[in-house]
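Please read them with the structure open.

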Amino acid sequence: MYRYDEFDRQFVAERVEEFRDQVARRLSGELTEDEFRPLRLMNGVYLQLHAYMLRIAIPYGTLNGRKLRRLAHIARRYDRGFGHFTTRQNLQFNWIRLEDVPDILAELAEVEMHAIQTSGNCIRNVSADHFAGAAADEVADPRVYAEILRQWSSLHPEFTFLPRKFKIAVVASPADRAAIQVHDIGLQVKRNEAGELGFAVWVGGGLGRTPMIGRKVRDFLPEAELLSYCEAILRVYNLHGRRDNKYKARLKILVHEAGVDEIARDIEAEYEAIRARGALAMPQEEIARIRAYFAPPAFAQLPARSSVFEAAKADSRSFALFAERNVAPHKVPGYGIVTISLKAIGAPPGDATAEQMELVADLAERYSFDEVRVSHEQNLVLPHVRLDDIPAVHAALAEANLATPNAGLVTDIIACPGLDYCALANARSIPVAQRIARRFADIERQKQIGDLKIKISGCINACGHHHVGHIGILGVDRKGEEFYQITLGGSGDETCSIGEIVGKGFSSEEVVDAVETIIETYLGLRQGPEETFLAVFRRVGEAPFREALYADA
Amino acid sequence: MALYRNGSFVTDDPWRILGADEPVPPAGPVALPKARFLAEREALVGRNAPLGVVIEAGEGLDGLEDDIHRLSLIVLTFPKYTDGRSYSTARILRERFSYRGELRATGNVLRDQLRFMVRCGFDALEIVHEGTIAALKEGRIKLVSLHYQPASRDEDIPPIAGGRPWRRSSAGLL
């Protein structure tokens with residue numbers, strides 16, 4: 001894990017003092033709310049329906065026990081005892097007093113955390129594969145590059161007042177677990193034929209009201225050129241992105257309107273000019289210095305098969321289910337990657353109480369080399385657990401209602417905060433997620449259905465990523481009543497696709513039945529249990545689903 | 001309005017910033033809007049006095065490339081402080097065209113953005129906002145002074161020892 005040195009510590013400390021000064025000027029009336037808004041957003045402070053919300057950066061979703069305990073402490077002391085993990089691997093507190101924010105930031109700084117650029121029209125927290133450093137299929141640890149990008153983008157003097165927000169995601173494996181193609185810049189770390197590290201680069205992806213899949217502009221960008229190239233992309237966007245309409249201001253619109261060929265030419269020209277100056281070429285020593293922070297922990301040499309793990313599966317049905325869904329293969333024999341579901345049946349997706357955070361902190365320290373990850377699917381991950389230890393981890397998680405064996409199943413739902421919290425929302429998201437989860441609570445039924453991603457947004461801004469849900473649900477306001485539009489066939493992985501609207505929306509009463517109808521239709525169409533919902537949809541299209549949903553209409 | 005240049009307020013600004021229709025005086029430094037400068041270029045260049053151009057955010061440098069070296073003042077505008085285009089234009093002027101004349105920010109120039117502007121190469125700030133003027137005069141500006149990335153004024157601030165290529169402190173730069 002990256003650790004702050006004196007420079008990083010002073011940087012964050014100065015940022016806390018800068019924001020303390022800004023809050024004081026707001027509270028004294030020297031700054032109007034209009035003048036203060038962009039300043040507070042740069043530090044992750046939103047004004048929501050009922051209170052201020054503070055969004056804390058969790059760079060590339062990596063935490064340790066100490067940081068997680070501090071988040072638990074903040075939840076208890078300054079909020080209502082819980083926090084909400086987001087689809088960009090951050091944490092939100094929803095009941096914060098503005099005057100407490102500087103103190104909260106100071107408490108975060110003590111554990112090397114901050115809220116810089118978690119909102120606002122700037123380069124946001126860089127996200128990465130939540131299985132980084134543990135996944136069997138990665139060519140390098142993507143967090144090395146995410147950290148390099150984090151430092152470069154922190155209070156960047158040129159790119160702090162962009163036309164709109166700007167999101168970067170990094171993976172280092174062919175399987176995309178970070179939805180890179182729906183980010184402004186998506187990076188896939190890869191090796192070329194000579195074995196050198198570099199990046200495939202996509203630009204102009206994004207969700208929101210105009211969902212777009214990113215376009216590939218480089219198949220292989222040499223490792224040392226990462227920042228020169230990103231600076232070129234940002235400069236082209238800063239100068240040419242639309243500023244006349246905030247709904248058309250993202251990079252995706254520029255790419256769409258100008259055409260990817262023209263934008264790619266502009267980027268290349270800017271890149272050549274930046275490269276000629278040479279200031280941003282990454283020295284190998286600097287890459288090595290950052291890489292050293294992400295060196296693999298001291299894994300033990302273990303047999304690939306654990307008799308303790310196998311015995312527990314044979315003994316306990318609940319453990320067997322957990323092992324099947326929530327334990328992923330690790331690159332080191334004898335270890336597993338454990339997904340901690342924050343989607344207990346009936347609970348708000350992504351929420352964790354202070355006590356749950358502390359338990360996970362304990363387990364990370366004891367069993368996972370003090371590492372915890374936040375996934376963009378709003379779950380937590382213990383990335384490096386010995387198979388021998390997983391039964392004990394499972395038992396401890398089960399005590400805290402954290403062992404729901406539903407990773408990747410129909411009840412592992414992404415949902416935005418929706419109208420329960422958010423000033424932008426048109427409809428509630430969390431209660432719909434809860435009702436769907438209850439309808440499909442039977443784990444045997446979930447297993448029968450198999451891999452299925454439901455994603456729910458409470459408005460067109462698409463924070464719940466409904467466009468890339470296998471089943472996407474979008475809340476809309478129809479004459480003061482909550483309605484839900486359903487899209488099918490979206491996917492945020494390496495086969496990225498945007499879901500298609502299946503037909504007219506459903507009332508809050510009807511929407512769970514509609515989801516069930518879609519799933520029953522899928523079960524009737526599939527050629528075998530191995531044919532997933534997404535595979536069936538891609539084979540047959542939306543017609544059979546539409547017929548089933550609107551047969552009586 | 002006050003002009004803050006290279007670390008202090010100045011009262012002896014020799015420049016006349018002309019609008020689209022104001023006549024060009026026979027002598028003295030003048031700065032003109034970009035379009036007018038390009039239209040009247042020949043006459044202006046023949047004038048024996050320093051020349052400047054005012055470039056609105058979004059106008060860019062197209063057409064000016066061959067004249068940048070002869071300019072002594074370039075004014076870049078911030079119509080709203082949330083419009084960040086002039087930061088990029090400033091860096092391109094300093095870093096690509098090696099422009100060494102005065103680079104002045106005008107418009108919505110506010111205290112929380114001052115260091116960003118200075119790091120992008122502005123050495124003169126035209127400030128209307130009374131609170132910002134007072135804060136600068138009284139040394140009450142609290143802004144992060146440490147930087148992770150290279151920008152336009154790095155030759156003015158030596159790197160901090162300790163391995164990282166770009167870290168700098170610009171505490172003395174405002």
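1. H3(A) and H12(A) lie roughly antiparallel to each other, because their packing angle of about 170° is over the 145 degrees that such a label requires. The axes of H3(A) and H12(A), the latter covering residues 354-367, are 8 Å apart. Please bear in mind throughout that this is a predicted model.

2. Which residues make this contact? From H3(A) come Gly65(A), Leu68(A), Arg69(A), Leu71(A), Ala72(A), Ala75(A) and Arg76(A). On the side of H12(A) they meet Ala354(A), Met357(A), Glu358(A), Val360(A), Ala361(A), Asp362(A), Ala364(A) and Glu365(A). By class, the contact of H3(A) with H12(A) has 9 nonpolar, 1 polar and 5 charged residues.

3. H3(A), which spans residues 65-78, also packs against H4(A), residues 101-110. Here the angle is about 160° and the axes are 10 Å apart. That angle makes H3(A) roughly antiparallel to H4(A) as well. The crossing of the two helices is right-handed.

4. In the contact of H3(A) with H4(A), the residues from H3(A) are Arg70(A), Ile74(A) and Tyr78(A). Their counterparts in H4(A) are Ile104(A), Glu107(A) and Leu108(A). The set divides into 4 nonpolar and 2 charged residues, with no polar ones.

5. Chain A has an open sheet of 5 strands in the order E6-E7-E8-E9-E10, with mixed pairing. Its edge strands are E6(A), residues 127-128, and E10(A), residues 215-222, and each of them pairs on one side only. Within the sheet, E8(A) (185-191) and E9(A) (197-203) run antiparallel and are paired over 7 bridges. One such pairing sets Val189(A) against Phe199(A) in E9(A). H6(A) packs on the sheet and touches E8, E9 and E10 of chain A. The direction of H6(A) makes about 10° with that of E9(A).

6. How many residues does each chain give to the contact between chains A and B? Chain A gives 34 residues and chain B gives 30 residues. On the side of chain A, the elements that give two or more residues are H1 (6-27), H2 (33-41), H5 (142-153), H6 (226-240), H8 (260-277) and H9 (284-293). H1(A) gives the most, with 9 residues. The side of chain A that touches chain B divides into 14 nonpolar, 8 polar and 12 charged residues.

7. Chain B has an open sheet of 8 strands, ordered E2-E1-E8-E7-E6-E5-E4-E3, again with mixed pairing. E2(B) (8-10) and E3(B) (16-17) stand at the edges with a single partner strand each, so one side of each has no neighbour in the sheet.

8. E1(B), residues 2-5, runs antiparallel to E8(B) and is joined to E8(B) by 4 bridges. E1(B) is also antiparallel to E2(B), with 3 bridges between them.

9. Are E7(B) and E8(B) paired in the parallel or the antiparallel sense? E7(B) (102-107) and E8(B) (124-127) pair in the parallel sense over 2 bridges. Arg104(B) is placed opposite Ala124(B) in E8(B). H3(B), residues 85-96, lies across E5 (51-55), E6 (73-78) and E7 of chain B. H3(B) runs at about 160° to E6(B).

Technical notes: Residues are numbered from 1 along each chain as its sequence is written. Chains are lettered from A and ligands numbered from 1 in the order in which they are written. This is a predicted model: local features need pLDDT of at least 70, side-chain atom pairs count only at pLDDT 80 or more; totals for chains, interfaces and linings use all residues. Axes are lines fitted to C-alpha atoms, for helices over the stretch in contact, and angles run from 0 to 180 degrees between N-to-C directions. Angles under 35 degrees count as roughly parallel, over 145 as roughly antiparallel, 65 to 115 as roughly perpendicular and the rest as oblique. A crossing is left-handed if the near helix is turned anticlockwise from the far one by less than a right angle, and right-handed if clockwise. Two residues are in contact if their C-beta atoms, placed from the backbone, lie within 7 Å. Ala, Val, Leu, Ile, Met, Phe, Trp, Tyr, Cys and Pro count as nonpolar, Asp, Glu, Lys and Arg as charged, and the others, Gly among them, as polar. Two strands pair if DSSP finds at least two bridges between them.
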